[in-house]
Amino acid sequence: MAKITTSSLLNMKQQGKKISTITAYDASFAKLFDQAGIHAILIGDSLGMVLQGQDSTLPVTIEEMAYHTRCVKRGVEETLIIADMPFMSYATKEQALTNAALLMQAGASMIKVEGGAWLNDTISALVERGIPVCAHLGLTPQSVNIFGGFKVQGRDDDKAHKMVDDAKALEAAGAQLLVLECIPSTLGKTITKTLSIPTIGIGAGKDTDGQILVMHDALGIACNYMPKFSRNFLKDTGDIKKAVELYISEVSQGNFPGDEHIFK
């Protein structure tokens with residue numbers, strides 16, 4: 001597999017090929033995922049919950065994100081590496097530039113931020129300085145206290161229309177990738193058709209350009225619960241590498257997510 005870049009993902013969207021993405025937090029799993037052929041790895045601030053046992057992503061620091069990004073980088077040869085900007089690490093444009101630089105220097109090829117059109121100036125500033133940006137709409141875990149819990153977003157017409165508008169604004173600001181989390185499948189399809197950049201879904205239906213799962217969910221080892229949008233691929237294979245290869249194949253063929261994994 002040739003080295004994956006943001007241009008590679010854009011070409012996949014244009015060719016109608018599905019993108020498979022998974023989280024990783026260390027060199028060993030990153031190497032396994034890389035060798036299995038995953039297109040992108042996200043060092044997610046989900047590490048706060050699945051590694052640290054926190055009840056949200058909010059306690060995760062930029063220093064912890066940089067540490068895990070360095071670890072993942074050492075295991076990867078071909079896969080695109082995306083790193084989350086943790087809670088309040090991009091509250092101002094100046095903070096965003098400083099903290100994004102830390103993650104890029106740690107080995108990320110792209111950083112991810114959560115939020116709508118209020119991020120436009122920040123995204124433009126990052127892109128102008130050579131930092132590729134992945135945006136994130138829908139259920140944005142850093143806003144869990146605003147949402148009142150981990151709930152499906154965009155079911156009301158007004159909120160759905162706003163999300164479409166936000167998606168267009170984020171693309172116009174320079175975002176090159178968009179994660180859509182826990183939204184109705186019809187909304188995921190609408191946003192995907194509206195944008196030129198690739199969309200990556202997690203509980204956003206099967207019509208997004210790709211899928212992402214937290215590795216602990218995909219392997220059935222999450223310590224809390226299995227989300228509706230996930231599937232235990234290890235149960236189907238009994239082997240971690242084969243489980244990841246099955247995940248990639250099922251995404252590529254359009255078999256995952258199935259109807260049982262989507263929100264309406």
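How many nonpolar, polar and charged residues are there in the lining of the largest cavity? This note comes to that under its first point, and it concerns a predicted model.

1. The largest cavity. When the whole structure is searched, one cavity of 30 Å³ or more is found, and the largest cavity holds about 50 Å³ of space. Its lining is made up of Thr21, Leu42, Ile82, Lys112, Cys134, Leu177, Val179, Ile200 and Ile212. Sorted by class, this lining of the largest cavity has seven nonpolar, one polar and one charged residues, which answers the opening question. As background for a first reading, rolling a probe the size of a water molecule over the atoms shows where empty space is left.

2. Helices α2 and α12. For any pair of packed helices, the description rests on the angle between their axes and the distance between the axes. Helix α2, residues 27-36, packs with helix α12, residues 240-252, at an angle of about 50°, and their axes are 9 Å apart. The two helices α2 and α12 are therefore oblique to each other, and their crossing is right-handed. On the side of α2 the contact is made by Phe29, Leu32, Phe33, Gln35 and Ala36, while α12 contributes Ile240, Lys241, Val244, Glu245 and Ile248. Taken by class, the contact of α2 with α12 has seven nonpolar, one polar and two charged residues.

3. Helices α5 and α6. Helix α5 covers residues 93-106 and helix α6 covers residues 120-128; their axes come within 9 Å and cross at roughly 40°. The pair α5 and α6 is therefore described as oblique, and the crossing of α5 and α6 is right-handed. The residues that make the contact are Lys93, Ala96, Leu97 and Ala100 of α5, together with Asp121, Thr122, Ala125 and Leu126 of α6. By class, this contact of α5 with α6 has five nonpolar, one polar and two charged residues.

4. Helices α8 and α9. The axes of helix α8, residues 157-173, and helix α9, residues 185-194, come within 10 Å and cross at roughly 30°. Angles under 35 degrees count as roughly parallel, and α8 and α9 are therefore roughly parallel to each other. The crossing of α8 and α9 is right-handed. The contact is made by Ala160, Met163, Val164, Ala167 and Lys168 of α8 and, from α9, by Leu187, Thr190, Ile191 and Thr194. The residues of the contact of α8 with α9 divide by class into six nonpolar, two polar and one charged.

5. Backbone details. Where in the chain does Met88 lie? Met88 is found in the loop between β3, which spans 80-84, and α5, and the phi angle of Met88 is near 65°, which is a positive value in a residue other than glycine.

Terms used. Residues numbered from 1 in each chain as written. Predicted model: local features only at pLDDT ≥ 70, side-chain atom pairs only at ≥ 80, totals over all residues. Heavy atoms only, no water. Axes fitted to C-alpha atoms, helices over the stretch in contact; angles between N-to-C directions. Helix = DSSP H or I, 4+ residues; strand = E, 2+ residues; numbered from the N terminus. Parallel < 35°, antiparallel > 145°, perpendicular 65-115°, else oblique. Left-handed = near helix turned anticlockwise from the far one by under 90°. Contact = heavy atoms within 4.5 Å. Nonpolar A, V, L, I, M, F, W, Y, C, P; charged D, E, K, R; others polar. 1 Å grid on protein atoms, 1.4 Å probe; cavity = no way out; pocket = protein on both sides within 12 Å on 5 of 7 lines; lining within 4 Å. Points joined across faces, edges and corners; volume = space filled by probe spheres on them.
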